[in-house]
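Here is a walk through one protein model, taken a piece at a time. Have a look at it first, and then we'll start with a pair of helices.

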Amino acid sequence: MGLCFSFLFPPSATPQSSSSFNKPPLSSGSTSTIGFSATTSSAGRSQFSEVASGSIDGTNEGSLRFPSPNGQILDRPNLKVFSFGDMKSAARGFKPDTLLGEGGFGKVYKGWMDEKTLTPAKAGSGIMVAIKKLNSESTQGFQEWQSEVNFLGRLSHPNLVKLLGYCWEDEELLLVYEFMPKGSLENHLFRRNPNIEPLSWNTRIKIAIGAARGLAFLHDSEKQVIYRDFKASNILLDGSYNAKISDFGLAKLGPSGGQSHVTTRVMGTYGYAAPEYIATGHLYVKSDVYGFGVVLLEIMTAMRALDTKRPSGQQNLVEWVKPFLSNKKKLKGIMDARIEGQYSPKAAIQAAQLSLKCLENDPKQRPSMKEVLESLEAIEAIQVKSKESKNNISHQAPVVQAARHQRAVKV
Ligand SMILES: Nc1ncnc2c1ncn2[C@@H]1O[C@H](COP(=O)(O)OP(=O)(O)OP(=O)(O)O)[C@@H](O)[C@H]1O
Ligand SMILES: [Mg+2]
């Protein structure tokens with residue numbers, strides 16, 4: 001749940017303190033829905049109060065809003081409320097060996113629960129869950145926690161991580177998610193572990209497609225949801241490398257009443273945030289498309305959006321590589337060497353051109369996520385065709401493809 005920068009913009013969006021929210025009734029041990037009520041503030045509606053004041057799509061009729069065969073938006077979060085005791089026993093007392101990772105919100109632990117009742121289970125039995133525990137020093141944590149509950153608790157889509165429930169007891173704030181066995185895309189791209197096979201080109205495109213589907217779902221819902229924190233660490237992977245977007249702490253409802261943008265405090269992550277958003281605080285659905293373009297570049301190059309360890313002039317990936325994206329030869333020089341030979345040059349240049357379009361300075365010039373998705377599917381098809389004709393392999397596991405390629409090169 002990321003908050004790597006935040007400066008006030010404009011004063012009308014001043015966050016409310018945690019004390020201005022009423023605590024939801026706790027019904028520990030049962031699946032329940034929650035609806036927070038926010039006290040009104042002269043500072044205007046906060047990020048949270050917009051969501052809390054009704055359903056995510058701003059109406060109160062019916063329960064399903066999204067005309068998608070795969071996704072739906074519920075009127076209210078449908079989440080289990082956990083006691084802190086449940087959390088502690090599911091995560092084995094938050095012992096270090098259950099630690100999965102740590103972000104701006106706090107630590108994430110592995111836990112075990114009964115699949116049907118979601119009650120704590122013995123380690124190794126039932127299903128695994130990921131339990132995110134708010135760090136008491138996190139200043140923005142409470143708002144992000146609420147936003148996560150209100151957005152993710154109502155959204156259901158194969159490319160969004162499933163939030164199972166939450167715990168709010170005294171000062172303790174926790175969130176319980178489905179467990180994503182392959183961790184984050186960030187870990188795969190940047191934390192080089194000799195024991196883990198690098199993601200193949202095919203798997204990278206599959207991940208990009210899944211993440212694009214998740215964003216397209218958010219953007220195309222009747223009342224658009226702007227995600228605002230699209231980055232490699234927020235793309236989690238299931239056992240088959242299906243991508244799911246996580247962390248809705250910064251999500252916002254899209255513009256209403258014919259407006260083209262929402263004005264907010266500028267929050268997000270350096271390197272991924274769109275230039276117009278940083279400069280003016282104007283947030284568009286297309287601001288997410290910019291973040292997608294940055295991640296697509298990271299996927300292709302395995303280089304971080306921002307890296308102060310790179311020589312000056314190369315630290316900001318977008319600024320540095322933009323001039324290389326239209327030239328096949330120059331592009332080859334910045335592509336991740338670990339996947340060389342796994343993609344056709346045509347597919348690579350098309351992916352580079354797509355990221356360029358996403359990175360247009362003028363948000364209106366950027367494609368919609370639906371268009372991005374279509375382009376990625378076309379790129380995926382090129383890959384399959386060229387593999388079929390050249391090597392007569394198409395849908396094998398990435399590791400097998402890589403092995404074959406190595407053998408072919410050796411001979
Ligand atoms: N549902 C999950 N299943 C498995 N691992 C998870 C899950 N959620 C988070 N993790 C692990 O915990 C790590 C920390 O996640 P978290 O979202 O708190 O921070 P982050 O995304 O790395 O940074 P940020 O605070 O900027 O979002 C992730 O990198 C991932 O490895
Ligand atoms: Mg995260």
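Helix α5 (residues 201-220) packs against helix α7 (residues 285-301) at an angle of about 175°, and their axes are 11 Å apart. The axes here are lines fitted to C-alpha atoms, for helices over the stretch in contact, and angles run from 0 to 180 degrees between N-to-C directions. That angle makes α5 roughly antiparallel to α7, a label for angles over 145 degrees, while under 35 counts as roughly parallel, 65 to 115 as roughly perpendicular and the rest as oblique. From the α5 side come Arg204, Ala208, Ala212, Leu215 and His219, which meet Val285, Asp288, Phe292, Leu296 and Ile299 of α7. Being in contact means that the C-beta atoms of two residues, placed from the backbone, lie within 7 Å. Sorted by type, the residues of this contact are seven nonpolar, one polar and two charged. In that sorting, Ala, Val, Leu, Ile, Met, Phe, Trp, Tyr, Cys and Pro are nonpolar, Asp, Glu, Lys and Arg are charged, and the others, Gly among them, are polar.

A word on what you're looking at: this is a predicted model, in which local features need pLDDT of at least 70, side-chain atom pairs count only at pLDDT 80 or more, and totals for chains, interfaces and linings use all residues. Residues are numbered from 1 along each chain as its sequence is written, while chains are lettered from A and ligands numbered from 1 in the order in which they are written.

Stepping back, the protein chain has twelve helices and 17 strands; these are DSSP runs numbered from the N terminus, with helices (H or I) of at least four residues and strands (E) of at least two.

Leaving out residues up to four places away in sequence, Tyr166 touches Leu79, Val81, Phe82, Val149, Leu174, Leu175 and Val176.

Now for some loops. The one between β13 (243-245) and β14 (252-253) holds Leu250, which counts as buried because it has 28 C-beta neighbours inside 10 Å. Leu250 and Ser147 are 103 residues apart in sequence, yet their C-alpha atoms are 7.0 Å apart in space. Asp247 lies in the loop between β13 and β14 too, and has a positive phi of about 70° although it is not a glycine. Asp247 is buried, with 29 C-beta neighbours inside 10 Å.

Is Glu171, in contrast, buried or exposed? Glu171 is exposed, with 9 other C-beta atoms within 10 Å, and you'll find it in the loop between β9 (163-169) and β10 (172-178).

Methods: A residue is buried if 20 or more other C-beta atoms lie within 10 Å of its own, exposed if 12 or fewer, and partly exposed in between; C-beta atoms are placed from the backbone.
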